[in-house]
Amino acid sequence: MSGFRASDHVDWEFGTVDRRIFWEPEIYQLELERIFARTWLFVAHESQVEEVGSFVTTYMGEDSVIVARAADGAINVFLNSCPHRGNRVCFASSGQGRQFTCNYHGWAFGLDGNLKKMPKMGLYKSTPGFRMKDWGLRKARVASYKGLVFATFSEEAPSLDQWLGDFRWYLDAVLDPEDGGTEFLPGGATRSVMACNWKFPADNFVGDIYHALWTHLGGAEPTLGRHGGVIVDNNGSYQVSVNGHGWEFNDSFYGNAATMGDRELLRYMKSRQDAITARLGKFRADMWGSVASATIFPNFSFLPGYFTFRTFQPKGPLKTEIHAWTLVPKDMPDDIKDRFRRGSMRTFSPSGILEMDDGENWEFSTQANAGFVTRNQRLCYAMAPAGKLETQGLPGHVTAGQLSDANQRQFYRQWAVMMDAATWSDIPLDTPAVVQEAAE
Ligand code: FES
Ligand code: FE
């Protein structure tokens, strides 16, 4: 887009955002190039591809990809499009096999994405300059953090550890609360489609507890009684942001979980409180299940307490596909895992009462921009001054008080910086790659 500067469309100091970024096709195309084709994107949990030959398919931006465990134990991620005539190679969302064979002419690819064989192979081998190794499925860089697998098609991107930076220290609250690691509950993802721009759900999860006081009362009151027993205010609550990733939370330990209305589940969580506090310290133990939400930039979000983890996959500027799983510690008792499964389905699934509340808002926020005049009025992200960022000895940018647009301003700052940067060297990272030991 000639002359387009994303930073003209976001004021991250005062807090305004131009609505055109949620609507215009050219801006969306630039997002696919400058954000989705070059950041690290979540593609799978290791538990989904534990066995050799197991695979899942997903998206990186609008690029369909296969995530597969090869015979050498490595997890490979490669494009799900045959380099012969471009057909989709794998149509299943998950499975197990020894190779991927294209429907069209029968080219076959290994679990590492390399081209292994094709019908009438001799006719290619006699072509001067034809080399099998040039015609595999295009591979992405792959790296994991405590069970979460990420990939990027950028050779220049910093390491995943640098990209997550100090956010890893906070992620341990959900990824490392006990020995044994975590898993996605088996059974696959729920998938649903919303007529909204992908940034509305991502910015909601990065730091919008504000809406819960209003949007979710409609669902919480009839099912759980007034306010669902959950109090949200700026006491004992925080927002933290690193490289556009953000987490807002309070010190309630099981505030989110309380809204699932399952006393047995709360009893279990309470029984774990001392052990998790001893392992992670009180600050992060409180984050485990508190009234909280988070986004790893750009489109991977989760809700502690419900333990729903989801990607907001862009499908054009006006459409988003949500893939959601439930993450639990592997060693959790089976009946408690099942309670989390049912609890997160009741609340945050396509038919979940709280997710339906949210979806309607994001759809109308997007669709309103069909109006030319409407599209030209900026949106307000000015809640709580940007001013002083309090570090309090904690990693990343930490602001006290959950009711604030602080993380959302950081999210759109990251978005604008990446959209304007020609190369990765123009994208400064917020924090060093080393996780700091924070004062408890
Ligand atoms: Fe895949 Fe021809 S398009 S084998
Ligand atoms: Fe919500």
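**Figure 1. Overall dimensions of the predicted protein chain.** With 440 residues, a compact globule would have a radius of gyration near 22 Å, and the protein chain agrees because its own value is 22 Å; this radius is taken over C-alpha atoms, and the globule rule is 2.2 Å times the number of residues to the power 0.38. Along the principal axes, the C-alpha atoms fill a box of roughly 75 × 55 × 40 Å. The chain holds 13 helices and 22 strands, which are DSSP runs numbered from the N terminus (helices, H or I, at least four residues; strands, E, at least two). The model is predicted, with local features needing pLDDT of at least 70 and side-chain atom pairs counting only at pLDDT 80 or more, while totals for chains, interfaces and linings use all residues. Residues are numbered from 1 along each chain as its sequence is written, and chains are lettered from A and ligands numbered from 1 in the order in which they are written.

**Figure 2. Backbone details in two loops.** K146, in the loop between strand 11 (141-145) and strand 12 (148-152), has a phi near 45°, a positive value in a residue other than glycine. In the loop between strand 17 (293-296) and strand 18 (300-303) lies P298, which is joined to F297 by a cis peptide bond with omega of about 5°.

**Figure 3. Packing of helix 8 and helix 10.** Helix 8 (residues 263-280) packs against helix 10 (residues 334-347) at an angle of about 125°, with the axes 10 Å apart. That angle makes helix 8 oblique to helix 10 (angles under 35 degrees count as roughly parallel, over 145 as roughly antiparallel, 65 to 115 as roughly perpendicular and the rest as oblique). Axes are lines fitted to C-alpha atoms, for helices over the stretch in contact, and angles run from 0 to 180 degrees between N-to-C directions. E264, L265 and Y268 in helix 8 meet I336, R339, F340 and G343 in helix 10, where contact requires C-beta atoms, placed from the backbone, to lie within 7 Å.

**Figure 4. Packing of helix 5 and helix 11.** Helix 5 (residues 199-207) and helix 11 (residues 353-367) pack at an angle of about 130°, with their axes 9 Å apart, so helix 5 is oblique to helix 11. From helix 5, residues F200, P201 and N204 meet D358, W362, S365 and T366 of helix 11.

Technical notes:
Contact = placed C-beta atoms within 7 Å.
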